[in-house]
Amino acid sequence: MWLLLILFVLLLVIGMPIAFVIGISGGGYFLINDEIPWTVLVQRVVAQTQSFAFLAVPFFLFAGNLMNETGITKHLLSLARLLTRKMYGGTAQVNVVLSTLMGGVSGSACADAGMEIRILGPDMDRLGYPKGYTCSLTCLTSLITATIPPSLGLILYGFVGEVSIGQLFAAGLLPGMLMCFALMGTVTLTCRKNGYDVPKSDVKWFTLKELGENLKSSIWALMFPIILIVGIRFGVFTPSEAGAFAVVYSIAVGVFVYKELTLKSFIQSLKNAVIDTGAIIFIIALSGIFSYALTYGNVPKIMSSFLIGITDNPQIMVLIMLGFLFITGMLVDSNVNILLLTPIFLPVVTELGINPVHFGVCMMTIVTMGCMTPPVGTAIYIVCGIHKTSIQDYIKYSLPFFGAVLLEVIILVFIPQITMFIPNLLYR
């Protein structure tokens, strides 16, 4: 088993693509273990993808790409501007609110961050926000998509851990809103302190008429996560069928409501979805080898005994696991963390009586934060590359936002009723 771990770390350090790191290190364990026939290696690669629930992943990826081409973003941006126009740091507040609204559309933190930096970055530059502040805010607000459905991370967690995806979707709503308020409060404090984007005295709060008009044009996007949760809960469709519904819904909205989805944008969305799905399924397939090697080596049981030996306090145990996930998130892709660590941590969680749905929401927030932390953070390089900002500037301005998110996660750990309120209401 030590060869497996040493090979994994060594290949990771030399910069090999993560899918090959997983496959080669897992294959190395098969090579030195004569008890396992080589046919099992091939079987694990194939079997890892043979799940009906996994069909939700490519469908939701395609739906997210389609929705970014339908004109929904433009209407949500208008609503976000209306809601925040009287606040300190108005455009920065738009960034937070738009991420919250887009969480039910894109399902991907990296896609959300890339889209928002292109839309809001130039305006924030014009209003005097430092580039590092703009990039750090855009990255950290995109973290809201980790919990608001349809979150790709929650789908993968449910798929690997055999946890109800419907309950995970329902559980993510309130934590997503709580993160929105935490980040909006942080924006207010930092903008007041530094004098960014002070609201003009002649600007008034929105009227009910203005709010009604904006809600009317944005309702198709706002209703989407609600339709998914209610549809899955009452058996209208399974999570996989919900993904297919999401694709049909996106096309219908783009063609018949906003009339902005063209054949060219449809084909481009399909290409992007195929590329994204191919990358994820390749990692998932090869993770079957690695996961089998871990299970055969009894690592989950050893890890479970070790962790329970540290403490039997459920909250402290969750904080320890989340701390470990935060560190690994700096080094390993978030999807890989979900695939490899979920089977190890879930036995510990269930043995201590922690609801796996509650743990899944906390885990997805911390794991997805890996996209926002160097040296591997994908969202950092996307946002800083587009906005031409150094990583040092990003880190300098990101600390208050990281603090707000970590405080929110700690609150969730000690008050699980926030996470479980809606699932307990719907799934009695």
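1. A residue counts as exposed when its relative accessible area is over 50% and as buried when that area is under 20%, with partly exposed in between. In this predicted model, Glu-162 has a relative accessibility of 74% and is therefore classed as exposed. The residue sits in the loop between helix H9 (152–161) and H10, and its phi is near 55 degrees, a positive value in a residue other than glycine.

2. Lys-388, which is not a glycine either, has a positive phi of about 55 degrees, and its place is the loop between helix H19 (378–387) and helix H20 (391–414). With a relative accessibility of 70%, Lys-388 counts as exposed.

3. Helix H5 (residues 72–84) is made of 13 residues and reaches 19 Å from its first C-alpha to its last, which is close to the 18 Å expected at 1.5 Å a residue. Buried positions in H5 are Ile-72, Thr-73, His-75, Leu-76, Leu-77, Leu-79, Ala-80, Leu-82 and Thr-84. As for what surrounds them, the buried residues of this helix pack against helix H4 (56–67), helix H6 (90–102), helix H7 (109–126), helix H10 (165–194), helix H11 (208–222) and helix H13 (239–257).

4. Thr-84, which belongs to helix H5, can be examined on its own. Its relative accessibility of 1% places Thr-84 among the buried residues. Leaving aside residues up to four places away in sequence, Thr-84 touches Gly-90, Gln-93, Val-94, Val-97 and Met-184. For Val-97, which is 13 residues from Thr-84 along the chain, the separation between the two C-alpha atoms is 8.2 Å.

5. The pairing of H16 with H17 can be described in geometric terms. Two packed helices are described by the angle between their axes and the distance between the axes. Here the axes of helix H16 (residues 314–329) and helix H17 (residues 334–351) come within 12 Å and cross at roughly 170 degrees. Since angles over 145 degrees count as roughly antiparallel, H16 and H17 are therefore roughly antiparallel to each other. On the H16 side the contact is made by Met-317, Met-321, Phe-324, Leu-325, Thr-328 and Gly-329, and on the H17 side by Asn-337, Leu-341, Phe-345, Val-348 and Val-349. By residue class, the contact of H16 with H17 divides into 8 nonpolar residues, 3 polar residues and no charged ones.

6. The structure holds 9 aromatic pairs. One of them joins Tyr-133 and Tyr-196 in an edge-to-face arrangement, with 5.2 Å from centre to centre and 70 degrees between the planes. Tyr-133 lies in helix H8 (residues 131–141) whereas Tyr-196 lies in the loop between H10 and H11, so the pair ties together parts of the chain that are 63 residues apart in sequence. Tyr-133 is buried, with a relative accessible area of 2%, and Tyr-196 is buried too, with a relative accessible area of 12%.

7. Another aromatic pair is formed by Phe-245 and Tyr-249, whose rings are tilted, at 5.6 Å centre to centre and 45 degrees between the planes. These two residues are 4 residues apart in helix H13, and Phe-245 and Tyr-249 are therefore separated by about one helical turn. Phe-245 is partly exposed, with a relative accessible area of 25%, whereas Tyr-249 is buried, with a relative accessible area of 9%.

8. Beyond individual pairs, ring pairs link Tyr-129, Tyr-133, Tyr-196, Tyr-397 and Phe-401 into a cluster. Tyr-133 and Tyr-196, the edge-to-face pair described above, are thus among the members of this cluster.

9. Two separations along the chain may be set side by side. Val-198 lies in the loop between H10 and H11 and is partly exposed, with a relative accessible area of 45%; Val-198 and Met-87 are 111 residues apart in sequence and 7.9 Å apart in space, C-alpha to C-alpha. Phe-224, found in helix H12 (residues 224–233), counts as buried at 1% relative accessibility, and the C-alpha atoms of Phe-224 and Phe-306, which are 82 residues apart along the chain, are separated by 43 Å.

Technical notes: Residues are numbered from 1 along each chain as its sequence is written. This is a predicted model: local features need pLDDT of at least 70, side-chain atom pairs count only at pLDDT 80 or more; totals for chains, interfaces and linings use all residues. Side-chain values use heavy atoms; hydrogens and water are left out. Axes are lines fitted to C-alpha atoms, for helices over the stretch in contact, and angles run from 0 to 180 degrees between N-to-C directions. Angles under 35 degrees count as roughly parallel, over 145 as roughly antiparallel, 65 to 115 as roughly perpendicular and the rest as oblique. Contact means heavy atoms within 4.5 Å. Ala, Val, Leu, Ile, Met, Phe, Trp, Tyr, Cys and Pro count as nonpolar, Asp, Glu, Lys and Arg as charged, and the others, Gly among them, as polar. The expected span of a helix is 1.5 Å times one less than its number of residues. Buried means under 20% relative accessible area, exposed over 50%, partly exposed in between (1.4 Å probe, protein chains only). Rings of Phe, Tyr and Trp (its six-membered ring) pair if their centres lie within 6.5 Å; planes under 30 degrees apart count as stacked, over 60 as edge-to-face and the rest as tilted.
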